[in-house]
Amino acid sequence: MSTEVGISLTVNGERVSRRVEARRHLIDFLRLDLGLMGSHAGCEHGVCGACTVRVNGLIVRGCLVLAASLDGDTVETIEGASDSGEIRDLQDAFVARNACQCGYCTPGMLLTAAELLRENAEAGSVPSRDAIREHLSGNYCRCTGYHAIVDAVEAVAKARTASSGAGKP
Amino acid sequence: MKAGSFRYERAYTLAEVFRLRREVDGDAQFLAGGQSLLASLAFRLSEPNLIIDISRIPELKGISVLPDAYLRVGALTTHRELAAHPDVRRHAPLLAEAVPLIAHAAIRNRGTIGGSLAFADAAAELPACCVALGARIIAAGPGGERTIPAASFFTGLFATAMAEDELIRAVEFPCAAPGDRGTIVELTRRSGDYAMAGLAVWAQHAASGAQTPRLVYFGVGTGPVAAAEAARALGPAPWTAQKVKAAQALLDRDLDPPADQHGGPEMKRHLARVLLARAVGKLGAEPGARAA
Amino acid sequence: MSLVIDPRSVDRPNSYIGRSIPRPNARKLVEGRGQYVDDLLLPRMVHVAFVRSPHAHARIGRIDASAALKLPGVLRIFTGHDLAPHCEPWVAVLAHLKGMKSAAQLPLPLATATWAGEAVAAVVADSRAAAEDAAAKVSIDWQMLPPVADMETALDKATPVIHAELGDNLVFERVNESGNVAEAFRSAHKVVEATFHSGRHTGVTLEPRSILAEFNKGDGTLTVHHATQAPHMMQEVLAQHLRLPLSAVRVICRDIGGSYGIKVHVYPDEVAVAVIAKIMGRPVKFVADRLESFASDIHARDHRIKGRMAVDAQGRITAFDIDDLTGIGPYSVYPRTSAVEGNQVVNLVGGPYDFPNYRAKTTVVLQNKVPTCQYRAVGHPIATAVTEGLVDLGAEAIGMDPVAFRLKNLMQDGTYPRTSPAGMRFEGLSHIKSMGLLVEMMDYRGLRAQQELLRSEGVHRGIGFASFIELTNPSPFMYGIGGARISAQDGCTVRIDPDGSVVAATGVTEQGQGTEAIIRQIVAEAVGVPIDVVRVITGDTLTTPYGGGTWACRGAGIGGEAALQAGLATKHAALQVAGAMLQAAPDALDLVLGNIVDKATGAVRMPLGELGRIVYFRGDTLPPDLPRELMQTRHFITKQYPFAFTNGVQASHLEVDVDTGLVKLLKHWCVEDCGRIINPLLVDEQVRGGVVQGIGGALFEHCTYSPEGQLTVGSMVDYLVPMAAEMPDIEVGHVETPTKESLLGAKGAGEAGTAGAPAAIMNAINNALRPHGAKVFAQPFTPERILAALGRVPKR
């Protein structure tokens with residue numbers, strides 16, 4: 001029975017094995033053990049959403065997950081999602097509309113928006129502005145006032161639907 | 001806000017859980033979804049010797065329909081899974097209606113029904129839904145299992161009827177019968193916040209006709225509060241305006257709300273009255289086939 | 001050099017000014033590849049956690065760190081007595097705020113803790129977690145003292161004096177008076193009055209306060225990676241108080257996760273980190289956690305204002321009379337001081353209006369609560385709420401539509417320059433035109449008709465307005481004349497490199513508002529190169545001209561002007577060389593999109609890179625006495641006006657649920673005039689962000705205290721910040737009245753949204769509640785307060 005735990009998991013497609021303090025949350029693991037600084041902690045009590053990352057394909061609050069509990073799991077961060085190109089259109093829209101100002105909430109905001117878009121794509125629907133606001137309601141942004149973020153997500157949702165409707169996979 | 005140091009062990013069976021717990025003389029906490037526990041550790045409100053990770057125990061997972069027409073929901077069912085499962089939508093639709101009100105997507109992806117009930121936050125939705133639905137909680141301990149009715153499960157602020165060495169194995173809900181219906185309404189400052197006041201209503205429809213509904217408030221006491229007198233005054237559907245008024249008046253007997261940052265006790269009483277009218281409005285005054 | 005930027009001309013060469021060009025630094029941020037202070041890892045870096053006072057007011061007895069020092073990873077524990085020999089104390093007063101007083105402050109206090117959350121000891125360990133473990137084990141003998149936690153009684157004889165040497169708890173008071181207020185009220189046709197409250201709240205930057213300080217014992221240099229808005233000011237402060245030469249201190253800012261004024265102040269715990277770094281000779285990092293942030297980031301806007309307004313029979317405002325009381329912390333905050341907010345309230349009430357008689361008093365008192373200081377829009381949201389609240393009451397008393405009443409009383413366009421009764425000098429404002437545009441944008445008539453219809457169905461919608469003024473481009477009249485070493489000037493160095501690319505180093509800084517983007521646009525246009533060959537350097541005291549950083553909306557107007565002038569000077573210098581190379585008069589040439597061209601025909605003569613090659617590598621081919629300075633620095637300071645005032649007007653459309661007190665924001669509009677707009681997209685987004693920040697204070701955010709001086713909202717669970725689901729779409733419109741103080745003509749825009757939003761929300765709520773005769777004046781306008789105004793629940 002130890003205060004340190006050996007874990008072996010996949011992070012952004014790479015297999016990593018580490019020994020971590022049991023108390024270390026996923027965000028600190030990513031930042032301190034793996035040097036992946038794109039995931040941010042804003043409150044460390046699960047409210048602000050800055051720490052949103054993906055575990056086993058679903059968004060979670062990284063500060064509310066113990067790294068120790070992730071043995072065998074898959075984690076994806078903003079770096080992984082950027083490198084894969086999966087959210088390129090969202091990122092482009094954020095840049096074009098200045099939906100990213102200081103950038104601190106942005107990684108969490110993008111991964112949260114990406115999940116909404118994926119779910120809507122699976123259902124063949126385009127989320128309304130209210131639905132976008134509702135889904136992003138757990139991600140605090142102090143800079144933008146949210147309007148530009150909603151614009152960006154809405155634009156991408158429409159564009160993805162349009163392009164899929166045209167027969168693209 | 002780094003947690004204090006603790007040991008961590010992952011259990012794969014219930015027997016392992018109880019053995020590990022014994023080894024530290026009970027100075028342990030269970031980790032399921034972690035959505036409440038991790039915050040508590042970060043605030044150093046909890047400083048256990050050992051965290052026992054129960055999130056991989058197969059006996060705590062799964063959703064199935066039991067032969068005695070109960071829907072059995074494993075304690076480790078995440079909120080996301082709960083809302084998406086077709087059996088839940090069919091047999092306990094009130095739960096599916098409640099889940100979107102819980103926090104936010106990232107929390108719902110990992111938070112569990114077992115965790116929510118064990119944590120017993122007075123402003124949480126699922127405990128009130130369990131009481132409204134007449135659920136039974138299956139608690140597992142070193143000595144075996146027992147069934148605790150939801151109505152007696154929540155005993156006070158963050159307190160349940162479970163012993164310290166017990167954990168929730170599953171929650172079982174009577175399958176909704178044709179004509180059974182209900183709804184959940186809540187008032188929050190912001191989407192996903194803990195409710196200033198909330199109400200879960202479930203009205204069964206027996207062969208003899210509509211039954212008196214269960215009215216279970218949350219956010220207005222130390223746990224879910226069944227407003228029995230108000231429910232009696234409301235009676236079975238149809239719910240006329242006079243019946244609603246009579247029920248609202250009797251809420252003062254059922255509720256003894258505390259003050260909190262949103263307002264004083266009078267405010268909670270007022271909101272409780274408003275919620276009653278709104279829940280009835282949502283359901284419609286007449287009985288109808290809403291469940292199945 | 002006589003180029004004037006004509007805002008109406010879109011055909012001008014290299015036209016980037018006025019265009020909505022995306023920010024160059026946004027790409028790395030959306031990929032999670034920014035670099036914030038906490039991302040920096042230095043060799044042998046250690047971490048600090050602070051032991052903070054749990055008491056609002058207590059004498060610090062014995063500090064026992066023995067158990068803490070035994071924990072693994074713990075290196076040192078410092079108390080006030082350990083740090084005091086290494087740091088000069090500071091006193092945060094400004095000479096021009098007459099009579100202002102405050103006590104001397106050290107990084108860690110010696111004898112007494114004066115607010116719950118004040119750092120009293122510093123634990124240094126090899127990880128933040130280990131430091132926190134140890135901090136929890138430090139035991140302190142506290143001797144409780146009675147807290148001063150009610151500003152209304154702070155000056156009563158029976159109330160304890162927080163700092164005996166000051167004699168009382170009064171920090172500053174001032175009466176700003178003109179005309180004959182007493183007579184105006186005596187002879188008024190209508191007098192309206194109300195008591196307003198602005199709730200204490202805070203900035204909640206998502207990136208917490210962060211500092212990483214490193215002292216090299218080998219060369220005596222202190223390098224500080226700091227999430228600050230004003231690196232030169234911090235360089236100055238650290239040099240002075242740590243007794244280092246200015247040149248030995250370097251402050252570096254990279255990406256900063258939000259600031260809004262929270263990160264422009266000197267925090268004792270951050271100074272402690274620098275002192276510890278100097279003592280230990282290794283990098284020391286401190287990142288505040290969220291609990292610490294609520295208990296130690298500056299708070300702001302804790303005011304009670306009694307206000308009266310007099311109106312004559314023609315519906316003209318004749319006087320404003322206000323009495324403002326504000327409770328700050330136990331210390332005024334260094335170096336900008338905590339009296340500025342109250343001082344701005346008495347300077348700004350009534351600001352947009354034309355009336356002759358004014359009296360405004362502010363009383364600033366000490367409290368055993370978190371210190372307060374400048375936070376986005378400073379006194380403006382308060383002054384605007386008071387003004388616009390009284391204006392709406394006046395309109396109601398006279399029986400006029402609130403827009404009509406405003407149009408009758410606002411300072412008319414074209415009547416400038418003029419000075420307000422409060423003594424504020426306006427170069428040129430556009431209140432009337434702005435209101436006209438707003439009314440059109442929002443379809444005011446349509447909304448009123450709809451409102452009336454819905455009222456008959458029991459739906460309570462409200463429309464509220466807020467006209468406002470907003471100070472920007474501050475001169476030394478804000479801080480410098482008070483003795484503070486805060487720079488109101490700014491500088492930019494522009495350099496053409498051998499390949500024709502351009503580097504611009506500026507003293508204004510970036511925290512997400514787009515400073516780097518606008519400097520790039522300005523420099524590209526001024527020099528005459530494509531925008532993507534321009535690189536901007538900000539946030540480094542070693543490599544940028546001496547400047548003031550970003551605050552009080554000075555980035556575009558002051559930093560931008562310096563960049564413009566430096567860019568034009570660089571182009572001028574390049575054309576001198578080009579003339580020699582091409583045997584042409586420099587006046588007959590121009591630099592357009594990176595090419596030297598014939599000005600008359602536009603014919604390309606030579607790429608700029610060719611000129612660069614010759615200047616830097618083949619100087620032998622140029623006439624020997626030809627100047628060839630392809631690097632030019634210009635500094636700019638405003639000279640005629642203490643501030644470049646801007647103006648705007650906002651409207652809120654909302655619905656009040658009179659059963660629950662919940663407010664649903666349907667839509668929000670803001671028309672603002674910030675002079676010449678460099679990048680409309682960035683301005684719009686500053687306004688939107690500012691509006692939502694103002695809405696936060698109006699509806700949600702409140703740092704509440706118990707009578708014992710305990711902060712009762714300690715985390716983001718209880719402290720409610722605005723989130724996406726409750727916020728409205730915000731439409732922004734623009735009027736442009738450039739300032740003549742500069743070539744650029746730009747004023748500032750960053751704070752306008754916050755200045756007007758609370759007033760618009762308040763007026764809209766009261767408009768919605770009008771059929772019930774209920775009014776609310778105390779922010780935040782919580783459901784409880786609205787229900788209490790309606791008589792549905794008792795007032796608490």
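I count two residues as in contact if their C-beta atoms, placed from the backbone, lie within 7 Å. The model I am reading is predicted.

**Entry 1: chains A and C**

With that cut-off in hand, I looked up where chain C meets chain A. I found 43 residues of chain C in contact with 41 residues of chain A. On the chain C side, α1 (26-30), α17 (680-700) and β30 (729-734) each supply at least two residues. I then asked which element of chain C gives the most to this side. It is α17(C), with eight residues. Sorted by class, the side of chain C that touches chain A has 20 nonpolar, eleven polar and twelve charged residues.

**Entry 2: the sheet in chain A**

Next I traced a sheet in chain A. The sheet is open, has five strands in the order β2-β1-β5-β3-β4, and its pairing is mixed. I noted β2 (14-21) and β4 (58-61) of chain A as the edge strands, since each pairs on one side only. From one strand to the next, the twist averages 40 degrees.

As a reminder to myself, strands of a sheet pair through backbone hydrogen bonds, either parallel or antiparallel. I checked one pair: β3 (residues 52-55) and β5 (residues 74-76) of chain A run antiparallel and are joined by two bridges. In this pair Val55(A) stands opposite Val75(A) of β5(A).

Which helix packs on the sheet? I found helix α4 (residues 106-123) of chain A there, touching β3 and β4 of chain A. The direction of α4 makes about 50 degrees with that of β3(A).

**Entry 3: helix α3 of chain A**

I listed the buried residues of helix α3 (residues 88-96) of chain A: Leu90(A), Gln91(A), Ala93(A), Phe94(A) and Val95(A). An α-helix has 3.6 residues a turn, so residues three or four places apart point the same way. Just after α3(A), I noted that Asn98(A) takes a positive phi of about 55 degrees.

**Entry 4: domains of chain B**

I turned to chain B and its domain assignment, which gives domain 1 (7-53), domain 2 (60-174) and domain 3 (182-283). The centres of domain 2 and domain 3 of chain B, taken over C-alpha atoms, are separated by 21 Å. Their contact takes 22 residues from domain 2 of chain B and 21 residues from domain 3 of chain B.

On the domain 2 side, α5 (93-98), α8 (125-133) and β8 (154-156) of chain B each supply at least two residues. The largest share, seven residues, comes from α8(B).

Terms used:
Residues numbered from 1 in each chain as written. Chains lettered and ligands numbered in written order. Predicted model: local features only at pLDDT ≥ 70, side-chain atom pairs only at ≥ 80, totals over all residues. Pairing = 2+ DSSP bridges. Helix = DSSP H or I, 4+ residues; strand = E, 2+ residues; numbered from the N terminus. Axes fitted to C-alpha atoms, helices over the stretch in contact; angles between N-to-C directions. Nonpolar A, V, L, I, M, F, W, Y, C, P; charged D, E, K, R; others polar. Buried ≥ 20, exposed ≤ 12 C-beta atoms within 10 Å, placed from the backbone. Domains from an automatic or database assignment.
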